Amino acid sequence: MYLINTGQITNDDLDKRNDSISLEKRKLIIVKILDKVNSKINFKGENLTYGEIIDKQAQKIVNSLVNGKEYNGFYLRW
């Protein structure tokens with residue numbers, strides 16, 4: 001939504017023939033997503049990337065399923 005709201009992606013970037021976005025803009029979207037995944041936040045007293053948090057949460061889910069331990073998911077308040 002940020003890319004659309006800031007005009008970085010417009011109607012001109014959409015190919016209505018095959019319902020896709022131009023290759024250049026797809027690359028931009030990927031860069032922005034990876035920037036976010038690799039950005040750091042403070043989570044439970046640790047400075048972690050979102051990717052690291054996702055990994056830790058996946059490990060917690062597995063531990064919960066295999067060992068019957070309680071799972072409390074990660075969430076952010078907006």
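Colleague: What should I keep in mind about the numbering and the values?

Modeller: Residues are numbered from 1 along each chain as its sequence is written, and side-chain values use heavy atoms, with hydrogens and water left out. In this predicted model local features need pLDDT of at least 70 and side-chain atom pairs count only at pLDDT 80 or more, whereas totals for chains, interfaces and linings use all residues.

Colleague: Why does Ile30 count as partly exposed?

Modeller: Ile30, which lies in helix α2 (residues 23–38), has 49% relative accessibility and therefore counts as partly exposed, since buried means under 20% relative accessible area and exposed over 50%, with partly exposed in between (1.4 Å probe, protein chains only).

Colleague: What makes β3 and β4 a pair?

Modeller: Two strands pair if DSSP finds at least two bridges between them, and β3 (residues 40–43) and β4 (residues 46–49) are joined in the antiparallel sense over 4 bridges; strands themselves are DSSP runs of E with at least two residues, and helices are runs of H or I with at least four, numbered from the N terminus. Lys40 stands opposite Thr49 in β4, and in the hairpin, with 2 residues between the strands, Lys44 takes a positive phi near 55 degrees.

Colleague: What makes up the lining of the largest pocket?

Modeller: Its residues divide into 10 nonpolar, 1 polar and 2 charged, where Ala, Val, Leu, Ile, Met, Phe, Trp, Tyr, Cys and Pro count as nonpolar, Asp, Glu, Lys and Arg as charged, and the others, Gly among them, as polar. The largest share of this lining, 5 residues, comes from α2.
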